[in-house]
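Subject: Structure for your review

Dear colleague,

Please find the structure below, together with its sequence. My notes on it follow.

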Amino acid sequence: MKAINTMKLEIESRSVNESFARVAVASFISQLDPTIEELGDIRTAVSEAVTNSIVHGYKEGKGKIYITVSIFENAKVTIKIRDKGCGIENIEEAMQPLFTTMGGERSGLGFAVMESFMDKVKVNSVVGKGTSVTLEKKINGRFVTKW
Amino acid sequence: MKLEFSGGVLTAFIDGEIDHHTAPSIRETIDKTILQDKPDVLRLDYSGVTFMDSSGIGLIMGRYKLISSCSGKIEVINIPRNMAKVVKLSGIERLGRITIKED
Ligand SMILES: Nc1ncnc2c1ncn2[C@@H]1O[C@H](COP(=O)(O)OP(=O)(O)OP(=O)(O)O)[C@@H](O)[C@H]1O
Ligand SMILES: [Mg+2]
């Protein structure tokens with residue numbers, strides 16, 4: 001399926017860019033008139049994926065994060081967040097709620113949040129090459145009549 | 001962030017966004033005060049929080065560990081309604097008194 005509208009963003013792996021990334025993505029998606037709740041879900045899911053690239057992918061070091069947002073017919077949105085970091089050895093295990101390789105202040109909830117806030121989460125990863133996370137959500141929006 | 005200590009209760013009024021970028025300074029301020037004042041209860045007031053992701057949960061779990069090691073209890077109050085979803089998902093309700101803001 002061909003996207004009707006797309007947006008690409010390249011940011012440095014710096015924690016200060018986390019809020020910029022989630023606001024920029026939410027702002028692009030605003031053209032679909034999402035509800036406040038839908039926008040909140042998207043902001044939170046994007047924040048999780050971008051933080052993971054910074055914290056795990058690049059281990060707080062230098063690198064680039066590539067974000068592509070596509071809008072399809074029927075208001076379906078995909079958000080791809082990609083890094084060229086260390087990659088994930090076992091994706092299935094990494095996506096289990098509460099699984100974390102960091103401990104300390106990390107709760108292992110990032111993927112669980114992405115999965116519950118979005119309709120679909122796809123992860124591709126190659127050790128030593130990097131990780132891409134694709135988030136998908138259909139925006140029902142504010143103009144859908146609710147009975 | 002404002003901190004208040006009275007009657008054995010240390011209350012931290014957290015405001016703004018909690019993410020991986022902002023959490024460390026919030027954490028350091030709270031932990032320093034816990035170790036200094038040795039409160040019986042650490043009360044995190046989330047009423048001024050405008051955004052949080054799993055870092056906001058990590059902040060609660062980390063403070064729970066510290067205050068428990070000092071034999072204290074944790075409370076998280078006034079979590080804005082639109083952040084209740086993350087809280088529910090995390091299951092932190094079993095750590096102490098966790099309340100969502102009524103509005
Ligand atoms: N972009 C990435 N690059 C490398 N490893 C990753 C990446 N994203 C996730 N991981 C791995 O998957 C695990 C689970 O990620 P998840 O976001 O669910 O939890 P977390 O980041 O450890 O904790 P939290 O998100 O609650 O702070 C991480 O601990 C890490 O090992
Ligand atoms: Mg994470």
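This is a predicted model: local features need pLDDT of at least 70, side-chain atom pairs count only at pLDDT 80 or more; totals for chains, interfaces and linings use all residues.

Does A:Thr51 count as buried or exposed, and at what relative accessibility? A:Thr51 counts as buried because its relative accessibility is 4%, where buried means under 20% relative accessible area, exposed means over 50%, and partly exposed lies in between (1.4 Å probe, protein chains only). A:Thr51 sits in helix 2 of chain A; helices (H or I, at least four residues) and strands (E, at least two) are DSSP runs, numbered from the N terminus. Setting aside residues up to four places away in sequence, A:Thr51 touches A:Glu18, A:His56 and A:Arg106, and also B:His20 and B:Asp53 of chain B. Contact here means heavy atoms within 4.5 Å.

Residues are numbered from 1 along each chain as its sequence is written, chains are lettered from A and ligands numbered from 1 in the order in which they are written, and side-chain values use heavy atoms, with hydrogens and water left out.

Chain A as a whole

Chain A contains four helices and five strands, which follow one another from the N terminus as β-α-α-β-β-α-α-β-β. Its radius of gyration is 15 Å, close to the 15 Å that the globule rule gives for 147 residues, so chain A is as compact as a globular protein of that length. The radius is taken over C-alpha atoms, and the rule is 2.2 Å times the number of residues to the power 0.38. The C-alpha trace of chain A spans about 45 × 30 × 30 Å along its principal axes.

Of the 147 residues in chain A, 50% are buried. Among contacts in chain A between residues at least 6 apart in sequence, 65% join residues at least 24 apart. The accessible surface of chain A is about 7700 Å², and 51% of it belongs to carbon and sulfur atoms; areas come from the Shrake-Rupley method with a 1.4 Å probe, and for residues only the protein chains shown count as cover.

Chain A carries 20 positive and 18 negative side chains, with the centres of the two sets 7 Å apart. Lys and Arg count as positive and Asp and Glu as negative, whereas His and the chain ends are not counted; each charge is placed at NZ of Lys, CZ of Arg, CG of Asp or CD of Glu.

The cores and helix 4

The largest nonpolar core has 34 residues, and those with the most contacts inside it are A:Val50, A:Ile67, A:Val69, A:Ile79 and A:Leu135. Such a core is a set of buried Ala, Val, Leu, Ile, Met, Phe, Trp, Tyr and Cys residues joined through side-chain atoms within 4.5 Å. Helix 2 of chain A gives the most to this core, with six residues. A second, separate core of 32 residues includes B:Leu44, B:Ile60, B:Leu66 and B:Ile79.

Among the residues that A:Ile67 touches, beyond those up to four places away in sequence, are A:Met7, A:Leu9, A:Val50 and A:Ile79.

Helix 4 of chain A (residues 110-117) is mostly covered, as six of its eight residues are buried. These are A:Gly110, A:Phe111, A:Ala112, A:Val113, A:Met114 and A:Phe117. Their cover includes helix 2 (36-57), helix 3 (91-94), strand 4 (120-126) and strand 5 (130-138) of chain A, together with helix 2 (54-69) and helix 3 (84-90) of chain B.

Individual residues

Most residues other than glycine have a negative phi. A:Leu98, which is not a glycine, has a positive phi of about 75°. A:Leu98 lies in the loop between helix 3 and helix 4 of chain A and is exposed, with a relative accessible area of 54%. B:Ser71 also has a positive phi, near 60°. B:Ser71 is located in the loop between helix 2 and strand 4 (73-79) of chain B and counts as exposed at 68% relative accessibility.

B:Thr50, in strand 3 (residues 41-52) of chain B, is exposed at 53% relative accessibility. B:Thr50 and B:Tyr64 are 14 residues apart in sequence and 22 Å apart in space, C-alpha to C-alpha.

A:Ser70 belongs to strand 2 of chain A and is buried, with a relative accessible area of 11%.

Yours sincerely
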